[in-house]
Amino acid sequence: MAIQTTFMRDNFATEEQIHKSIVDFLNIVLPENALFHHSPNEGKNHIAWIVKQKKLGCVSGWPDLEIFCPGHSVIFLEIKTKRGRLSPNQRMIKEQFAKIKLPYFICRSVDDVEKALQQQGVELKTFRVSD
């Protein structure tokens, strides 16, 4: 499908840039009635905000995106840069998801997301990129 912006071809794309490209992609290709969500639990925040979020159920290491498609399990995506690695909390969440057989993918590009969705049998909308 190759919907990548210029910075996606650059090995120095930030996680935020990759994340935004993936969101754009999902908005175009996900089937009707599919939803996705991002829980903003990353970054450096004030301790009061972190404590409040934890009390509200925010889990450290939770994947960046959750995708809900009719007829499929929830699909979890952890977005990383080309050289990004999972934190200890992210590794723990990945292991817990594996134990309960939830689909979890580390994605470094739009192409990785496309492959993950196809692997899960999600029928993506087709589109044409115009010049």
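In the chain, residues 24 or more positions apart account for 66% of the contacts with a separation of 6 or more, a contact being defined by heavy atoms within 4.5 Å. The structure is a predicted model, in which local features need pLDDT of at least 70 and side-chain atom pairs count only at pLDDT 80 or more, whereas totals for chains, interfaces and linings use all residues. Residues are numbered from 1 along each chain as its sequence is written, and side-chain values use heavy atoms, with hydrogens and water left out.

The secondary structure comes to 4 helices and 4 strands, these being DSSP runs numbered from the N terminus (helices, H or I, of at least four residues; strands, E, of at least two). Along the sequence they follow the pattern α-β-α-β-β-α-β-α.

The 4 strands form an open sheet of mixed pairing in the order β1-β2-β3-β4, where two strands pair if DSSP finds at least two bridges between them. Because β1 (35–38) and β4 stand at the edges with a single partner strand each, one side of each is left without a neighbour in the sheet. Strands β2 and β3 run antiparallel and are joined by 3 bridges, with E66 standing opposite F76 in β3. Strand β3 (residues 75–79) also pairs with β4 (residues 104–107), here in the parallel sense and over 4 bridges, and F76 stands opposite Y104 in β4. Between β3 and β4 the chain passes through helix α3 (residues 88–99) in a right-handed β-α-β crossover, a term that applies if, with the strands pointing away from the viewer, the path from the first strand over the helix to the second runs clockwise.

Of the 131 residues of the chain, 33% count as buried, that is, under 20% relative accessible area with a 1.4 Å probe, protein chains only. When residues up to four places away in sequence are not counted, L26 touches F36, L65, I67, V113 and L117.

Note on methods
Buried < 20%, exposed > 50% of the residue type's maximum accessible area, 1.4 Å probe, protein only.
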